[in-house]
Amino acid sequence: MESNAKVCVPCSGLDESALLSIDQVKDELKGMPFWTLQEKKDSVPCITRHYVAKNFQAALDSINAIGKIAEREGHHPDLHISKYREVDVVLWTHKLGGITKNDIELGKTFDSEVEIAYSPKWLKEQSEAKR
């Protein structure tokens with residue numbers, strides 16, 4: 001898939017002025033239906049995406065695809081597999097301890113470029129999922 005998302009700005013060029021307000025994040029997430037605003041245990045805001053893959057291999061394949069994009073962009077999410085096929089992608093700008101435009105753009109890039117073999121049951125429950 002082709003991506004229309006913008007490229008991440010290197011973290012070395014960012015300062016606290018790059019942090020988005022909670023309202024700005026909420027506004028950005030209106031166009032990203034699978035992403036939610038959350039707070040990590042250390043009170044750092046982040047955006048997360050949760051999905052259930054068809055099987056363990058599909059979960060691994062999606063994480064590997066996300067990892068390749070993260071390496072290309074130089075911006076890395078936290079990635080978690082639980083219950084052998086449930087995947088959580090967690091984005092925030094580690095250097096600044098909050099959410100920047102980089103996180104939003106990387107989430108959009110994942111959405112547009114990563115093919116995910118979803119669980120059929122999960123897919124039925126998600127009306128906006130790519131089919």
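Q: Patches are made of residues with over 30% relative accessible area and no salt bridge, where like charges are joined within 9 Å and nonpolar side chains (Val, Leu, Ile, Met, Phe, Trp, Tyr) within 5 Å. Which residues make the nonpolar surface patch here?

A: F56, I81 and Y84 make a nonpolar surface patch of about 300 Å², where accessible areas come from the Shrake-Rupley method with a 1.4 Å probe and, for residues, only the protein chains shown count as cover. Please keep in mind that this is a predicted model, in which local features need pLDDT of at least 70 and side-chain atom pairs count only at pLDDT 80 or more, while totals for chains, interfaces and linings use all residues. Residues are numbered from 1 along each chain as its sequence is written, and side-chain values use heavy atoms, with hydrogens and water left out.

Q: Where is Y84, and is Y84 buried or exposed?

A: Y84 is in the loop between β3 (78-82) and β4; helices (H or I, at least four residues) and strands (E, at least two) are DSSP runs, numbered from the N terminus. With a relative accessible area of 51%, Y84 is exposed, because exposed means over 50%, buried means under 20% and partly exposed means in between (1.4 Å probe, protein chains only).

Q: Okay, stepping back, how many helices and strands does the protein chain have?

A: The protein chain has four helices and four strands, and from the N terminus on its elements run α-β-β-α-β-β-α-α. Buried residues account for 40% of the 131 residues.

Q: In what order do the strands sit in the sheet?

A: The four strands form an open sheet in the order β1-β2-β4-β3, with antiparallel pairing, and two strands pair if DSSP finds at least two bridges between them. The edge strands are β1 (35-39) and β3, each of which pairs on one side only. On average, neighbouring strands of this sheet are turned by 30 degrees against each other, direction ignored.

Q: And over how many bridges do β1 and β2 pair?

A: Strand β2 (residues 45-52) and β1 pair over five bridges in the antiparallel sense, and L37 has I47 in β2 as its bridge partner.

Q: Which helix lies across β1 and β2?

A: That is helix α1 (residues 22-29), which runs at about 155 degrees to β1. Helix α3 packs on the sheet as well, touching β1, β2 and β4, and its direction makes about 150 degrees with that of β4. For these values, axes are lines fitted to C-alpha atoms, for helices over the stretch in contact (heavy atoms within 4.5 Å), and angles run from 0 to 180 degrees between N-to-C directions.

Q: New topic: how many salt bridges does the structure hold?

A: The structure holds seven salt bridges, each being a side-chain nitrogen of Lys or Arg within 4 Å of a carboxyl oxygen of Asp or Glu. One of them joins R72 and E73, at 3.0 Å from N to O. R72 is partly exposed at 48% relative accessibility, whereas E73 is buried at 15%.

Q: What about E113, which residue does E113 form a salt bridge with?

A: E113 forms a salt bridge with R72, and their closest N and O atoms are 3.0 Å apart. This pair links distant parts of the chain, since E113 is in helix α3 (residues 101-113) and R72 is in helix α2 (residues 56-73), 41 residues apart.

Q: How far apart are the closest N and O atoms of E105 and K101?

A: They are 3.6 Å apart, and the two residues form a salt bridge. E105 and K101 both lie in helix α3, four residues apart, which is about one turn of the helix. E105 is buried at 6% relative accessibility, while K101 is partly exposed at 32%. Salt bridges that share partners join E28, K101, E105 and K108 into one network.

Q: Which residues is T100 in contact with?

A: Leaving aside neighbours within four places in sequence, T100 is in contact with L14, A18, L19, L20 and T93. T100 is found in the loop between β4 (86-91) and α3, and this residue is buried, with a relative accessible area of 1%.

Q: Last one: where does A129 lie?

A: A129 lies in the segment after α4 (120-125) and is buried, with a relative accessible area of 7%. Not counting residues up to four places away in sequence, A129 touches F34, Y118, W122 and L123.
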